Each structure stands twice: as C-alpha cells, then as structure tokens.
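Subject: A structure for you to look at

Hello,

Here is the structure I said I would pass on. Please keep it open while you read what was found in it.

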Amino acid sequence: MAGASVKVAVRVRPFNARELSHAATCVIQMQGPTTCIANPKQAKDAPKSFTFDYSYWSHTSVSDDPRFASQQQVYKDIGEEMLLHAFEGYNVCIFAYGQTGAGKSYTMMGKQEKDQRGIIPQLCEDLFRRVAEEASPSLSCSVEVSYMEIYCERVRDLLSPKSRGNLRVREHPIMGPYVEGLSKLAVTSFEDIADLMDCGNKARTVAATNMNETSSRSHAVFTIVFTQRRHDELTDLDAEKVSKISLVDLAGSERADSSGAKGTRLKEGANINKSLTTLGKVISALAEMQSNHKKRKSEFIPYRDSVLTWLLKENLGGNSRTAMIAALSPADINYEETLSTLRYADRAKQIRCNAIINEDPNARLIRELKEEVARLRDLLSAQGLSGACFSGRGRSRDLPINSPCPTQF
C-alpha cells in the first residue's frame, strides 16, 4: 500500500438557523463524486467544479431526496476502509476540516441516537465486533485509547480533566511525534470506549459564537492503539502488528466579523486560524513536492510551526493511510469560506503517504516466507508440476533447506 494518496471526501449539511434567518440560498450542487459551487455575486459565471473520492449530499432529508448521504453511508465508505487497513497493520487517520459550524463534529462524533452516530463511535463498535468475529486460540488483541485537545497551542488530556497542565510534544526517532504523559487507557469493549468518549467530550472546550452555538474551541484527537498478537505453530514464534488509529475533529476556521468573537473568543479564534493556516501550508508544500518531485525533493515542510501539524506529521506525509472529510456550508452567505474549503481539499488529494505494515521482524519474516512459498507453489502449478515440495508433506520436509525436490528435479 506504499505511496497511496490521501482519500478526500466533502459533505454539505442542511441550512442552520442563522442561514434560514438570512433567507440563504444553496450554492452547492453535487453529481456523483463532483461538487460544484456557484458564485452568488456573479450569476453569469460558470460554477467552479471539484472532483473528490466522495461528494456527500446531506443538505436535504433522506425522505425527500434519494441522494441523501446518511451517517452510516459516510462510515461505510470511509470508516470501514480505514478500519480494514488497521487490521492489516497500517497506521490510519481520519480528520474533518471546514468552517466553524459546517458539520465536522457531527460527521466525526454525531449524536447519541443510533442512526445519528458519527464515524468515531461507529468505528469503535465495528472494531470490537470484528475482533470477536476473528477470535481464535492463536490470536490475541488489545485496545488502548487516548483523547486530547489542542487549545490555544497547548495540549490537554481529556481523559484526565484534573490535569490542567500543558503536556509536552516529543519526537521519537522511529515512531514520530507523541505527547509525553498522555493517558493511555486499556479497554475491552465498546461500552468502555463510549464511557471514556463521553467523559472526554464533556471536558472539551466549547463556546457559543454567532456562527455556532456549540463551537469547538479546540482541535480534538481521539487515538486508538490496536495490537494483534498471533502465534505461528509452524515456527513457534509470536508475531505482533500494531496499528495507531487517529480520529481528528478539527476546530473550525472563522472570521471575527462573522463569529462576533471578542476577548477570549477572539484569542481562541486567532490560535485556531493560525494552526489551520499552518496545516494549509503543510498540505500545499506536500502537494507541491508531489507534483514537482524531482525539483522540490528537499523542500522544507513547516510541521513544527504549530502543535497540530507536528502531531499530524506522520498522518499527513509519512507512515499512514489517511482520509480527509471537508465539511461544507451550503449557504450563499458563506461562499468565500466554502470555496476556500474546497480548494483546501483539492490540494490534499495530491498528497501521497508511504504507509507500511507495523510489524515486528519475526512477523515480517514469517509473512515474507509464506508469500515466497505461495509464489513458488503458483509457479510450479503454472508449469504443470506438483507443489508437494512446499506443502510441508512427504519426504521433502526432512530434506536440507537448499535441497532440490527429488520428485521434480
């Protein structure tokens, strides 16, 4: 899976109360994976078109429109694929980006009602369901979770609310950036995760602005470390695969005049915009490096300019399978911000991550030997020869490892 592009989806929500009070009109149209946006001030101009992996139409209700994309549909397309990669042993990341009030938290976390749950709770429940389905005496799995917020460039542990201190970000030479002292709690069921998630969400910093009654004033990162240990009977060795699943609900970009931010809210907004601007610079630099690979190979990527981009370093341009969901407002009064989000998402499509399976040397050796045996067996079968040499049956298993097969040569 090395060199895979970041998967990008966009989703448009219904009008909110503020947009309805302004008698807003819809400037977004979607057809298949293509999203179009029309400039309300230039009606004669052709709409601008963008093509993504998925364009989700959630502007109308499911009863009124067969195109409606539900929470379950979004999870099925993006969440299920990323969970599959996690079981394969890859690091994965899903992050939501967009203007404040565009529907990021709804897409990622959702609401308590079963059909309203977002990607994070659905993925966690699916994880334990699949672990139960694949249970065997030779396989053991463990799950650990952590939950943090980045508020005004400071990291806070949401699973340890009493700890108000600023946690420090360090960088491991192999594993990459990590948060020193962050709680990592073992869980054995989805109910355990749901309880921790609920505690973390209550501790998260939110506030009301003119744009959003429950505006997230911080970036939230929910991390699952999923470890699979399998015992191989033939070699009597234990093989381990570890996947880090990062689920990120970013705070929304905002304009002070639109949000009515003052005092503390203004300071929060400035820090949010700073980190999102840095994220934009990182995405642009990575996209530029991909399009001009030979010319710009040594270009500097400003990961350390913000805590957010430093922590997402591996997910954006390193060892990870990554998906981005851009949340859109459909209203003409938010045209500039929505167009900016679409351009942002369009740049992210060009990023390629070099994901590798996270396994110990024993696991890699066993897997590669099995793949080589399968390849040689297929080669023999294609030539009409027996694969008994590689089946582990008969006299051949007692021969020296480099002896030719006596039945064929």
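Let's start with one residue. Ser253 touches Tyr97, Gly98, Gln99, Thr100, Asn273 and Leu276, leaving aside residues up to four places away in sequence. Contact means heavy atoms within 4.5 Å. Ser253 sits in the loop between strand 16 (237-249) and helix 6 (256-259). Ser253 counts as buried because its relative accessibility is 18%. Buried means under 20% relative accessible area, exposed means over 50%, and partly exposed lies in between (1.4 Å probe, protein chains only). Ala102 is 151 residues from Ser253 along the chain, yet their C-alpha atoms are 9.7 Å apart.

Some ground rules. This is a predicted model: local features need pLDDT of at least 70, side-chain atom pairs count only at pLDDT 80 or more, and totals for chains, interfaces and linings use all residues. Residues are numbered from 1 along each chain as its sequence is written, and side-chain values use heavy atoms, without hydrogens or water.

**How confident is the model?**
pLDDT is the predictor's confidence in each residue, from 0 to 100. The protein chain has a mean pLDDT of 84, and 85% of its residues reach 70 or more. Residues 207-214 fall below 50, though this stretch has 24 contacts in the model beyond near neighbours in sequence. Residues 405-409 also stay under 50, with five contacts beyond four places in sequence.

**The whole chain**
The protein chain has eleven helices and 18 strands. These are DSSP runs numbered from the N terminus: helices are H or I with at least four residues, strands are E with at least two. Of the 409 residues in the chain, 47% are buried. Take the contacts between residues at least 6 apart in sequence: 70% of them join residues at least 24 apart.

**Strands that pair**
Two strands pair if DSSP finds at least two bridges between them. An open sheet of three strands has the order 3-4-5 and antiparallel pairing. Its edges are strand 3 (28-31) and strand 5 (48-51), and each pairs on one side only. From one strand to the next, the twist averages 20 degrees. Strand 4 (residues 34-37) is joined to strand 5 by four bridges. Thr34 stands opposite Thr51 in strand 5.

Helix 10 (residues 335-348) lies across strands 3, 4 and 5, at about 35 degrees to strand 5. Axes are lines fitted to C-alpha atoms (for helices, over the stretch in contact), and angles run from 0 to 180 degrees between N-to-C directions.

Strand 16 has two partners to look at. It runs antiparallel to strand 15 (residues 219-232), with 13 bridges. Asp232 stands opposite Leu237 there. Four residues lie between the two strands of this hairpin, and Asp236 takes a positive phi near 60 degrees. Strand 16 also pairs with strand 7, in the parallel sense, over five bridges. Val92 has Ile245 in strand 16 as its bridge partner.

There is another hairpin, formed by strand 10 and strand 11 with three residues between them.

**The cores**
A nonpolar core is a set of buried Ala, Val, Leu, Ile, Met, Phe, Trp, Tyr and Cys residues joined through side-chain atoms within 4.5 Å. The largest one has 51 residues, and Val155 and Met324 have the most contacts inside it. Helix 7 supplies the largest share, eight residues. A second, separate core has 40 residues, among them Ile78, Ala86, Val187 and Ile193. In soluble globular proteins, nonpolar side chains tend to be buried together.

Which side chain does Glu149 join in a polar contact? It is that of Ser218, at 2.6 Å. A polar contact is a pair of N or O atoms within 3.5 Å; within protein, one must be able to donate a hydrogen and the other to accept it, and residues adjacent in sequence count only if both atoms are side-chain atoms. Glu149 is in strand 8. Glu149 counts as buried because its relative accessibility is 0%.

Thr322 is in strand 17. Thr322 is buried too, with a relative accessible area of 4%. Its side chain reaches the backbone oxygen of Asn315 at 2.5 Å.

Best wishes
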